[in-house]
Amino acid sequence: MSDMNIREVVKEKYGNAALRVTSGGSSCCGASPAGNSPAGTSCDPITSNLYDAIQAGQIPEEAMLASLGCGNPTALAKLNAGETVLDLGSGGGIDVLLSARRVGPTGKAYGLDMTDEMLALANANKAKAGVTNVEFLKGEIEHIPLPDNSVDVIISNCVINLSADKDAVLREAFRVLKPGGRFAVSDVVTRGEMLPEIRKSVLLWVGCIAGALEESEYRNRLAAAGFADVEVEPTRVYQVADAREFLSGQGLDVDTLAPQVDGKFLSAFIRAVKPGSAKTCCGPSCCN
């Protein structure tokens, strides 16, 4: 598909997911629905049990139900009071609302999404949560509508893999980060080589519409965009049993595919830093 077609398919799927939530359903679009646990289970095993009960209690239920992520960047990213955070592909706003509480009233949390339905849901969740240091922006993650050097931390929850132009996303992330700013995202990655048709089938299961990068390629693209100190930390490794139902429905011999699938698809927490000096310290702990 062309870049435009991919973008339109993603918009349609995520718009429909938002509408399902507002009508009382879940956002599940990959594996079979697994019910709604207190910690926000929606699609098992990728998007289930990513947020603990404490986090679930801090945000509206609709924000939890709209989650289509594969990780919990807010639990792994270092966020400090007074910082500015940007969530790329913010959906129903779950990670923005959680980040807003961590950066406090002197900080700011932006969410960027291109889907009108998700933005409407996110703003409704913002009102229910009663937070004032949040702003949701309409736009594409390949063209971030914020100035250069304006953000301390960029987070994202399994959205970059959906972009047809990941290099543009990473360049834009680098541009808007302040010197010393942090890139801290959850995303789907692959590990090692596999047959193209197998990769395509499993990625459809993993992310509705997904184009995950191979782990080393992700590192290389971050470096090419200018980032330093790149780390890829696996958070969930998927086995063939996780995708058996979906792959069988695609007419594939799952047992034969097992060696091509087991351990080669994973959710990961990806960290990197924009080189340069952060703000000048004015006290013994302000740069910690």
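User: Where is Thr 84, and what makes it buried?

Analyst: Thr 84 sits in strand β1 (residues 84-88); helices (H or I, at least four residues) and strands (E, at least two) are DSSP runs, numbered from the N terminus. Its relative accessible area is 14%. Buried means under 20%, exposed over 50%, and partly exposed in between (1.4 Å probe, protein chains only), so Thr 84 counts as buried. This is a predicted model, where local features need pLDDT of at least 70 and side-chain atom pairs count only at pLDDT 80 or more, while totals for chains, interfaces and linings use all residues. Residues are numbered from 1 along each chain as its sequence is written, and side-chain values use heavy atoms, leaving out hydrogens and water.

User: Which residues does Thr 84 touch?

Analyst: Leaving aside residues up to four places away in sequence, Thr 84 touches Lys 108, Tyr 110, Ser 150, Val 151, Asp 152 and Val 153 (contact means heavy atoms within 4.5 Å).

User: Why is Lys 108 with Glu 135 called a salt bridge?

Analyst: The rule asks for a side-chain nitrogen of Lys or Arg within 4 Å of a carboxyl oxygen of Asp or Glu. The closest N and O atoms of Lys 108 and Glu 135 are 3.1 Å apart, so the pair passes. Lys 108 lies in strand β2 (residues 108-113) and Glu 135 in strand β3 (residues 134-138), so the bridge ties together parts 27 residues apart in sequence. Lys 108, at 24% relative accessible area, is partly exposed, and Glu 135 is partly exposed at 32%.

User: How many salt bridges come out by this rule, and what are other examples?

Analyst: The count is 12. One of them joins Asp 148 and Arg 175, with the closest N and O atoms 2.7 Å apart. Another is Arg 271 with Glu 233, at 2.8 Å. Here Arg 271 is in strand β8 (residues 265-273) and Glu 233 in strand β7, 38 residues apart. Salt bridges that share partners also join Asp 148, Glu 172 and Arg 175 into one network.

User: What makes Phe 174 and Phe 227 an edge-to-face pair?

Analyst: Rings of Phe, Tyr and Trp (its six-membered ring) pair if their centres lie within 6.5 Å; planes under 30 degrees apart count as stacked, over 60 as edge-to-face and the rest as tilted. A search of the whole structure finds two aromatic pairs. Phe 174 and Phe 227 are 5.2 Å centre to centre with 90° between the planes, so they are edge-to-face. Phe 174 is in helix α7 (residues 166-176) and Phe 227 in the loop between α9 (215-225) and β7 (228-238), so the pair ties together parts 53 residues apart in sequence.

User: And why is Phe 183 with Phe 227 called tilted?

Analyst: Their ring centres are 5.3 Å apart and the planes meet at 50°, so that pair is tilted. Phe 183 and Phe 227 are both buried, while Phe 174, at 21% relative accessibility, is partly exposed. Ring pairs link Phe 174, Phe 183 and Phe 227 into a cluster.

User: How do you know that the buried residues of α6 line one face?

Analyst: Helix α6 (residues 116-129) has Met 118, Leu 119, Leu 121, Ala 122, Asn 125 and Ala 129 as its buried residues. Seen down the axis, they fall within an arc of 160°, so they line one face of the helix (the arc is that of the directions from the helix axis to the C-beta atoms).
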